[in-house]
Amino acid sequence: MTERKPGERPLKRDVEESVVTDFSDGESNSYGDFLQLKILLNLQKTFQDPPQPDELLFLMIHQVSELWLKLMHYQIIQFRDHLINDEIGPAIKNADRIKAIQKQLITSWETLLTMTPADYMLFRDALGNSSGFQSYGYRQIEFILGNKDASTMRVHQHDPDVMALLEKALEEPSVYDEVIRLLSRQGFGVPAELLNRDFREPYSGDPRIVAIWEEVYRNTRKYWDLYCLAEKLMDVETLFQRWRFDHMTAVERVIGMQPGTGGSSGVAFLKKALDLKFFHDLYDVRKALFYKTPPAP
């Protein structure tokens, strides 16, 4: 290795002798082989020829978001599995990872917003009837978090494989269904009809479960793990709402109040999603804690 003189700036970094550079045996995996980069980096097919300047930006932001959604769904499944096994600590760790993924998804809107309405107009017609509403990765997450709505599956009727995935997600207990079962195993009086309900239907809250959470929140030292779990669920809910809100504002900034692709009303449609909640009891317990009716004398 050539020695540098004092104060001389390096012009290159020499490759260390120990670095593996020969993958010709066909058995060792290189970085590109491991990540299947030849496939991954050739999936970005732009809509027009020649492509408009912001087509690749639009395409890659959405593809990367789908990958984050896939990872988020995987982590939520693990989170639910930990709840099933009464592993509150590991579930909380998963919740932190889910939150980190959500923050990555939220940040993606900042990059997309470097695209102006004038930029988007150059290729929007090429999108045809495609719409983010058709993301089955997003739908899987909504279902496992509790927003069960079979009518949203109609846009996937043309794809039997996707329909099978969503049918499975629709029929399984949501994360919060498993939280309720966990409360029962922890010794709280959970009504039997909530433990074995029709999981295809969304759970809209129950005052008897709210009463359980009120006890947890009034005795946090005694129920510290459950208290932390509840707050992690609220973190996930809050970040999900922020992601929805930032999506709505991004769309409004680019297309205003015009209809969206795929037949939706655009911003008006996205605003409706802001009224949806996953963990109703955890919102209602706040009212119980701060506006509790005093007992009659």
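Here is a short walk through this structure, starting at a pocket and ending at a single leucine. The model is predicted, so local features need pLDDT of at least 70 and side-chain atom pairs count only at pLDDT 80 or more, while totals for chains, interfaces and linings use all residues. Residues are numbered from 1 along each chain as its sequence is written, and side-chain values use heavy atoms, with hydrogens and water left out.

Let's begin with the largest pocket, which has a volume of about 1700 Å³. Of its 49 lining residues, S131, G132, F133, Q134 and S135 are the closest to its centre. (A pocket is an open set of points on a 1 Å grid over the protein atoms alone, where a 1.4 Å probe fits, with protein on both sides within 12 Å along at least five of seven lines; lining residues have an atom within 4 Å of a point.) The lining is made up of 23 nonpolar, 18 polar and eight charged residues.

Which helix gives the most to that lining? Helix 3 does, with 11 residues. Helices here are DSSP runs of H or I with at least four residues, numbered from the N terminus. Helix 3 has 30 residues and reaches 44 Å from its first C-alpha to its last. Just after helix 3, D86 takes a positive phi of about 60°.

Now for L37, which is found in helix 2 (residues 37–40). L37 counts as partly exposed because its relative accessibility is 22%, between the cut-offs of under 20% for buried and over 50% for exposed (1.4 Å probe, protein chains only). C-alpha to C-alpha, L37 and G146 are 35 Å apart in space.

Conventions. Grid points are joined across faces, edges and corners, and a volume is the space filled by probe spheres set on the points. Helices (H or I, at least four residues) and strands (E, at least two) are DSSP runs, numbered from the N terminus. Ala, Val, Leu, Ile, Met, Phe, Trp, Tyr, Cys and Pro count as nonpolar, Asp, Glu, Lys and Arg as charged, and the others, Gly among them, as polar. The expected span of a helix is 1.5 Å times one less than its number of residues.
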